[in-house]
Amino acid sequence: MMTSIADDRTLHSHPMTPKQVTDDADVWFFIGLQGEQAQALRTQPEVNLAFAETGSWLSVAGRVEFVEDRQKIDELWDDGVSAWFDGGKEDPNLGLIRFESDSAQFWGQPGGKVSALASIMKARVTGERPSAISATTEM
């Protein structure tokens, strides 16, 4: 889930599918450019990402930026994305955002996708792999 701040300062959460998590802990998403969520992100780019998997939770605070990069769209595009954008890669509503993390909190059992993402976030700052069950990392 991605939680953003609307113009009226209320919090709004939207299900989002990460298309890529880089070694630098940046997270890439596709987004509809004409919706309320995109409008909110343009004026208030600070967001929180929340991930859950049986027995593990990860909350990551940071900010997003809109990126115009046709090559990156080609790289990340898959059939799942085409279900949301009728015009395919050329859809004028298709947007790309990059999330950069500031801090992360992890709770849960070692292993699994959420734990792996928490490891990437912690390694970004400390250069070490986390071994604790619960940890907070400032980025």
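A: Arg-70 lies in helix α2. Helices here are DSSP runs of H or I with at least four residues, strands are runs of E with at least two, and both are numbered from the N terminus. The model is predicted, so local features need pLDDT of at least 70 and side-chain atom pairs count only at pLDDT 80 or more, while totals for chains, interfaces and linings use all residues. Residues are numbered from 1 along each chain as its sequence is written, and side-chain values use heavy atoms, with hydrogens and water left out.

Arg-70 has a relative accessibility of 40%, so it counts as partly exposed (buried is under 20% relative accessible area, exposed over 50%, partly exposed in between, with a 1.4 Å probe and protein chains only).

Now the surroundings. Setting aside neighbours within four places in sequence, Arg-70 is in contact with Lys-89 and Glu-90 (contact means heavy atoms within 4.5 Å). Arg-70 and Lys-89 are 19 residues apart in sequence, and their C-alpha atoms are 8.6 Å apart.

The link to Glu-90 runs through side chains. Arg-70 and Glu-90 form a salt bridge, 3.3 Å from N to O. Glu-90 sits in the loop between α3 (79-82) and β7, and Arg-70 in helix α2 (residues 70-76), so the pair ties together parts 20 residues apart in sequence. The rule for a salt bridge is a side-chain nitrogen of Lys or Arg within 4 Å of a carboxyl oxygen of Asp or Glu. Glu-90 is exposed, because its relative accessible area is 62%.

By this rule the count is eight salt bridges. Two others join strands β6 and β7.

One of them pairs Asp-102 with Arg-63, at 2.9 Å from N to O. Asp-102 belongs to strand β7 (residues 94-108) and Arg-63 to strand β6 (residues 56-66), so these are distant parts of the chain, 39 residues apart. Both ends are partly exposed: Asp-102 at 26% relative accessibility, Arg-63 at 34%.

The other pairs Arg-98 with Glu-65, whose closest N and O atoms are 2.3 Å apart. Arg-98 lies in strand β7 and Glu-65 in strand β6, so this pair ties together parts 33 residues apart in sequence. Arg-98 counts as buried, at 16% relative accessibility. Glu-65 is partly exposed, with a relative accessible area of 35%.
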